[in-house]
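Let's take a friendly walk through this protein. Have the sequence and the 3D view open as you read.

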Amino acid sequence: MTGFRTVIPMDAFDGGLNSKYEAAIIADNESQDCLNVVFDDLGGVQTRQGYTLLNTAPVNSNPCDGFGTARWNNGNESMIAFFGTDMFVLSGTTFQTVPSAQGNYTTGTHKNMAMYQNLIFIGDGNTPAYKYDEGVYTRHGIESPSLVADGGANVAAGNLIGDYNYKLAYVNTQVVIGDVSTGCATIVATAAGESILLTGIAVPDQSFGVDNKYLYRTIAGSGLSADAYYFVATLPVSATTYTDNIASASLGSAAVTTYGKPPAYQYVIHHQERLFVNDSQNPQYLWYSELGDPFTFQATNFIKVADGDGEKITGLSVQGNSLVIHKEASVWLTYMPDTTPSNWIRIKSNAKYGGASHRSLVEYEQQVMYLGQHNFKVTGFYAFAGTQTEPDATSLRVSQMFGDAKSDRVEPDVFLFQDSYKQNCAAIAFDNKLWFAVTHGAGSTENNRVYQFDFVRRDKSRKIGSWVPFTGIGAAQFTVYNSGLYFASSAADGYVYQLEDGTFTDNGAAINSYYETKDFDGGSAWRHYEKDYRQANFTVHTLGDWNMRVSYRIDSDKGAGDGEDFNLSPGGSLWNALTWGNDDWGGGQTRKDIKLELQGVGQMIAFKFSNKNTAGSGFRVVRGNVYYNRRGLR
């Protein structure tokens, strides 16, 4: 049985990195080592695209603390970024400081955002939180005035007789009323029918976002302790005086005193016509706004998520009808069959790992992927899967919702993520892929690597998804803007870049792109036979007039291996452009077969494709075969 030619087919290279298992036993389409590559629908592997600088001048010399896109009802989009103490909005290729948002923030604190009712709501864990309305930056909640008036009686005849007390409430641009003022009533005694002149009426700061003011008054003689204050008039924001001549019988409705405003929050999400936020001062509390009103958080609008277990809330996401609350060591759900809080049910899921980063939460295919942790150490990426949670007839239990480990094949890489900076992990879904920016490697203090999860890859073993690491991308956070993918730099340089720009350079720098196959041994029947390797053929795409390197190693040799460079020029010339004697006639080829002569005897062989770490160069390989003569059993 010695001497005849045998072939090992390599039908696909799209299984992604498998750094956990021995190189000879991983799947045929998996890689024992790869970097800066992506996979295509043909099962091929190719060099990833690079990125281009967006803003030609740096915003400032700070890392980006918050980054996202607002999509307004008028069809416009705004790229929003936080650098240092300020908030910025992109204008062309320049970031402009948002008025009133200068000096409001602390460098190094995360700014997280959610959009609802054509507004961006921004939390950084401090009070107050803010909102942004395509040019207008104001406080999230509606402030309560500190002073109504210091006025007195007007001697002019009028409808008022007796003692009166006044309170004031601010109204925002969405005509939502805040709490009335406290401890600042004005008492005016009258001996006869008069009107009352109020002076010194409070004028709010511009950042409060007040559109007008509502003035309220008691019924004559009820005094400061009165429970009910009734509507008197609407006042302009700038008004400091008002003459009241409204008879008690003509007053409007009573003021509500329990509107409330949001707590200091760091995480915010929109679900079922409400905003949900954490409480930075009470880390196990979850607050929610009134239905259809994202500005009002009444005093009773909170949920204790396992109060007393010592775990902080670390992130919020949505799965089906449930709000998912990620904590340090567990994952909880608030099942919401409808919008009535009394019908909501809080359930602890069977996910075994807590959430490490709110920014790592990303939705895809009815799942939520997140960076998980156990005992405060990063353990991998998990998909919170399922479509429903429902209460059992006799107990509360989770039905069809669970945490599914997704990063088993790159576990050695995950263990190199820096625990001290795990909260910086940021993710986004784009073009059927998930992008995770992480802080990787001992001594690293900022996000310096991206792990891409191609969740549409599906190999013969039914494993779903392929992982691959990217270097050269230091991303603090991602966003999609005008259909393009962008990232803000994690370095303190004030730059933003556009990814997937169609080039093979990272803003002019070379992309070190390579892919190493598994160790092919011919299958279990011939695994321990010696093989005389003769030839390998690969189908490659002709991407440009540059060289790619194809090399091979036998029996896991520790060296770089032997190999050959292959030019990827498509060839061909156009009419009136051909130089006779030098050029080939024709339109050129989109792909071609290349042949690599092999020399060596061994039991296993692996191949490596590389762009030679050369700027502007890439490769694309879709399939291959290796041929050998089988020798005896050793």
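Start by finding Asp65, which sits in strand 7. The model you are looking at is predicted. Is Asp65 buried or exposed? Its relative accessible area is 5%, and since anything under 20% counts as buried, Asp65 is a buried residue.

Which residues does Asp65 touch, if we set aside its neighbours within four places in sequence? Its contacts include a run of names you can pick out one by one: Thr106, Thr107, Gly108, Thr109, His110 and Lys111. Phe82, Gly84 and Arg359 are also in contact with Asp65.

## The largest pocket

Now look for open space. As a general idea, rolling a probe the size of a water molecule over the atoms shows where empty space is left. The largest pocket has a volume of about 960 Å³. Its lining is made of 28 residues, and those nearest the centre are Met113, Ala114, Leu361, Ala427 and Gln477.

Which elements give two or more residues to this lining? They are strand 7 (64-71), strand 11 (112-116), strand 21 (268-271), strand 25, strand 30 (362-364), strand 34 (426-430) and strand 38 (475-481). Sorted by class, the lining of the largest pocket holds 16 nonpolar, 8 polar and 4 charged residues.

## The second largest pocket

The second largest pocket has a volume of about 760 Å³. It is lined by 32 residues, with His110, Gln266, Tyr267, Gln423 and Asn424 lying nearest its centre.

Strand 7 and strand 25 each give at least two residues to the lining of the second largest pocket. By class, this lining has 9 nonpolar, 16 polar and 7 charged residues.

In general, strands of a sheet pair through backbone hydrogen bonds, either parallel or antiparallel. Here, 4 strands form an open sheet in the order 25-26-27-28, and their pairing is antiparallel. From one strand to the next, the twist averages 25°.

Zoom in on strand 25 and strand 26 (residues 322-327), which pair in the antiparallel sense over 6 bridges. As an example to find on screen, Val318 has Leu323 in strand 26 as its bridge partner.

Key:
Residues are numbered from 1 along each chain as its sequence is written. This is a predicted model: local features need pLDDT of at least 70, side-chain atom pairs count only at pLDDT 80 or more; totals for chains, interfaces and linings use all residues. Side-chain values use heavy atoms; hydrogens and water are left out. Two strands pair if DSSP finds at least two bridges between them. Axes are lines fitted to C-alpha atoms, for helices over the stretch in contact, and angles run from 0 to 180 degrees between N-to-C directions. On a 1 Å grid over the protein atoms alone, a cavity is a set of points where a 1.4 Å probe fits but cannot get out, and a pocket is an open set with protein on both sides within 12 Å along at least five of seven lines; lining residues have an atom within 4 Å of a point. Grid points are joined across faces, edges and corners, and a volume is the space filled by probe spheres set on the points. Ala, Val, Leu, Ile, Met, Phe, Trp, Tyr, Cys and Pro count as nonpolar, Asp, Glu, Lys and Arg as charged, and the others, Gly among them, as polar. Buried means under 20% relative accessible area, exposed over 50%, partly exposed in between (1.4 Å probe, protein chains only). Contact means heavy atoms within 4.5 Å.
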